[in-house]
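Dear colleague,

I am handing over the structure we spoke about, and below it I have set out what was found in it. Please read the notes with the model open beside them.

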Amino acid sequence: MSVIYILLAISIVVALVFFAAFIFSVKRGQYDDSYTPSVRMLFEDELVKKATEKQNDLKQNKPIELNN
Amino acid sequence: MENTNCYHCGTDCGRSPVEYDEKAFCCNGCKMVYEIFSENDLSYYYELQSAAGATPQEQEGKYDFLDAPAIIEKLLEFNDGNMQVVNLYIPHIHCSSCIWILENLNKLNTGIKGSQVDFPKKTVRITFNSEVISLKQLAIMMNRIGYEPQITLADFDEKPTNVDRSLIYKLGIAGFAFGNVMFLSFPEYFDLNTNQETGGEYWLNEYQDLFRWIMFFFSLPVVLYSGRDYFISAFKGIRSRMLNIDVPIALGILVLFLRSTVDIIFNWGPGFFDSLTGLVFFLLLGKFFQQKTYSFLSFERDYKSYFPIAVTRFTEEGKEEIAQIYEIKKGDRLLIRNEELIPADGVLMKGDGHIDYSFVTGEAEPVRKKSGEKVFAGGKQLHGAIEMEIVKPVSQSYLTQLWGNAVFNDEKSGRFQTLTDSIGRRFTIAVLSIATISTSIWLLIDPSLALNVFTAVLIIACPCAIALAAPFTLGNMLRIFGKKKFYLKNTQAIEQLAQIDTAIFDKTGTITTSAKSVANYEGLPLTEEEESLLKNTLRSSNHPLSRSLYDLLAEHDIEVLEDYEELTGKGIQASGSKGNIKIGSADFVGSPSAQNIENTSVHIRANDAYKGCFVFRNTYRKGVAHLFEEMGKELQLALLSGDNAGEKKRLQALLPATTPFYFNQKPEDKLHFIKKIQEKGKKVLMVGDGLNDAGALAQANIGIAISENINVFSPACDAILDATKFNELYSYIQASKKAMRIIKMSFVLSLMYNMVGLYFAVSGQLEPVIAAILMPLSSISIVAFTTVATNILGKKLK
């Protein structure tokens, strides 16, 4: 049953990895603005270059509602 | 013809829109922005959200101060020779289009390497190459596309401070430890009271110690770091002989930790590490929830947030130079351009002053000044450039002096004991006496269990649910009020609001609107033709009074004027096909009647005969009379105004007869007035709007600033109320009273949980599993109760 030492060690290491990731992300300021990224991700990528092609499906895009 | 709305900014284009590219624009400025965007493949801007733009403002000379290297150095966040980073505050940021365009600035200028918007704060951080584009050029470019950066004295003074993220760290650590300890406690939960002899799980018993010690190490950072604030606060409370709610909490945490540690050392049991970490986690969650901030609003603003960094000064040789605000001395001659702010008190030397003191007094109507007259800091010149000579430096001016008062250095929170804290005092005494009594009883029955009972009482009585009731109720109320456009600085403001018994109002800008004035016509009736000529003449004038009057008159056909002349400071004279007209001041027009100096009026002379005048009056906000009547039933009211008594009669007719009025109140008078009634033991609410109310707002128990546009202006205060919601003020006060009642009900509820827990504790049968169930259960049910109750309360609000 001493395998439990390995299992425990692994589980704690995994937990610590996520914990470190959390600290890192807070430190980098990812929690400072929790709103803008949610809007940013909805912008079409590099849409401008192909504006003429995409014009049609653009029209269907509803404006994004913001709660300010 | 139907009026169309501008494709760029959405305002009504009037009858003659600017057409371009088959789209209608309200003005050339908006058309220009559209041109810039469409030329640079940025027309997606208009697809995201229609009519999101703003009309660019005049910029001539506005950013000249950005030429000075010393100023640039202060504003930049990072400077590595060519590569510079600046964080600009842009009040116009309001929608997804704004984010998109500002993050695509690199398409407008190759010097811009990248830009990132912080939407809640309304800022954009731009990285740019100063060899290609200077900070000044950047500001001008932003201004040209309608995103005018606001650079004020406050930016200049403030060192970029590090954001305080410690609560997130603490919460993260507590949550992390809580989860892991729960996970490690599972064997104990399923294998209670068993050991090898009685046939328990072999391996669970084998590794029991290991599990327990890991739990111990997980809870160390929770006690030492996450729960640190509770110990500090409790210590401070005891030292100042005030038993706040943090005393029993700190005691609970400490006892939980010590007893659990002793338990595992002597192998008496698994300890309460799960309850300990859970407790801290829930408490911090409550703190986090309470911390709703409106980062786009600032409650701490003083005059610095509105004053420019630098002004144009004349050197002795008569040349213009850029001077920092703090360098201005008595005797300096300044050039104040159109739309610029007067930074210090002085005397107007040259030019025609039309000074808008709305920042200071709330009065939107500009004041006319002739050369030789005094002008005060905080006014905004509206009509052309003026020259002035400084009489007092910035810090000693009439307006800015106010900030020297001690009231601005005094944190309000220190003067106020929250409901939770006052409950906490009685609670601590009760818990300590229960613990001693039950321990002494157990000493007689079974001394070996006495210590066990003593710690169990302190653990179970730890007022987690009580400590959570206020943050969750008030935090939720804060969000509900925020949705109704009533923005409070913190949850304490709600508690303060619930306690007030006196309400003081400012007049101008607070109970009157600064928007469209109402004008009454007094004199001989105007014929159809005269009115048409009047309207057409006003059409060409940009004077604020002309604009207001123009909007008030009925529509007439557009007529081309034969002759038009605007004499600054006097009025307009014009002639059309059907006669001539003179509009303006009484002197200019030649009014036969005595002037009424207490009111603003526009006189009319048509076809060489005096006709009459339009008298502009303050318009009172909708529902003022009703609001005063309602509030007057329970609160003592008063009105403080910096103006003269010209409106006294109308106010008396409008407001309840018992309301006292005080006119000609200087900013400091207002502050002292409030101080005086506070000394009589009153809890005072101050409702104001301008910088001249700032002292009174700070002195009052709670200061509410009324704001027509929350993004643009508000003095330092505890709460900001959108002007459209002014008539709802009393229902908000009542809602905060109800919120306090909800907190009291949750106290009762959580006391009931404590009773149950205390039964187990006093009778000496508190098992870790009972604590582990009871503690989260009570916390969660309190949170659920307060959330549901406040939401019901919020539904009823308008």
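Predicted model: local features only at pLDDT ≥ 70, side-chain atom pairs only at ≥ 80, totals over all residues.

Chain B contains 24 helices and 28 strands, and 43% of its 798 residues count as buried. Among the contacts in chain B between residues at least 6 apart in sequence, 66% join residues at least 24 apart. For chain A the secondary structure comes to 3 helices and 0 strands, with 0% of its 68 residues counting as buried.

**The seven-stranded sheet**

Chain B also holds an open sheet of 7 strands with mixed pairing, in which the order is β16-β28-β27-β26-β17-β24-β25. Its edge strands are β16 (486–488) and β25 (661–662) of chain B, each of which pairs on one side only. Strand β24 (residues 636–640) of chain B pairs with β25(B) in the parallel sense over 2 bridges, and B:Leu639 stands opposite B:Phe661 in β25(B). Helix α21 (residues 667–679) of chain B packs on this sheet, where it touches β17 (502–506), β24, β25 and β26 (684–688) of chain B, and the direction of the helix makes about 160 degrees with that of β26(B).

**Nonpolar cores**

The largest nonpolar core has 192 residues, of which B:Ile253, B:Val457, B:Leu685 and B:Ala719 touch the most other members. Helix α23 (residues 729–762) of chain B gives the largest share of this core, with 13 residues. If residues up to four places away in sequence are not counted, B:Val457 touches B:Val431, B:Ile434, B:Ala435, B:Ser438, B:Leu758, B:Ala761 and B:Val762. There is also a second, separate core of 16 residues, which includes B:Leu533, B:Leu534, B:Val602 and B:Ala606.

**Spans annotated in UniProt**

An unreviewed UniProt entry lists several stretches of chain B under "transmembrane region", among them residues 167–190, 272–289, 451–474 and 742–762. In the model, residues 167–190 of chain B are 100% helix and 0% strand, with the end C-alpha atoms 34 Å apart. Residues 272–289 of chain B are 94% helix and 0% strand, and the end C-alpha atoms of that span lie 26 Å apart.

**One loop residue**

B:Pro120 has its place in the loop between β5 (112–118) and β6 (123–129) of chain B. Is B:Pro120 buried, exposed or partly exposed? It has 17 other C-beta atoms within 10 Å, and therefore B:Pro120 counts as partly exposed, since a buried residue would need 20 or more and an exposed one 12 or fewer. The C-alpha atoms of B:Pro120 and B:His94 are separated by 9.2 Å, although these residues are 26 residues apart along the chain.

With best wishes

Notes: Residues numbered from 1 in each chain as written. Chains lettered and ligands numbered in written order. Pairing = 2+ DSSP bridges. Helix = DSSP H or I, 4+ residues; strand = E, 2+ residues; numbered from the N terminus. Contact = placed C-beta atoms within 7 Å. Axes fitted to C-alpha atoms, helices over the stretch in contact; angles between N-to-C directions. Core = buried A, V, L, I, M, F, W, Y, C linked by C-beta atoms within 7 Å. UniProt positions renumbered as here; feature names shortened; annotations may be inferred.
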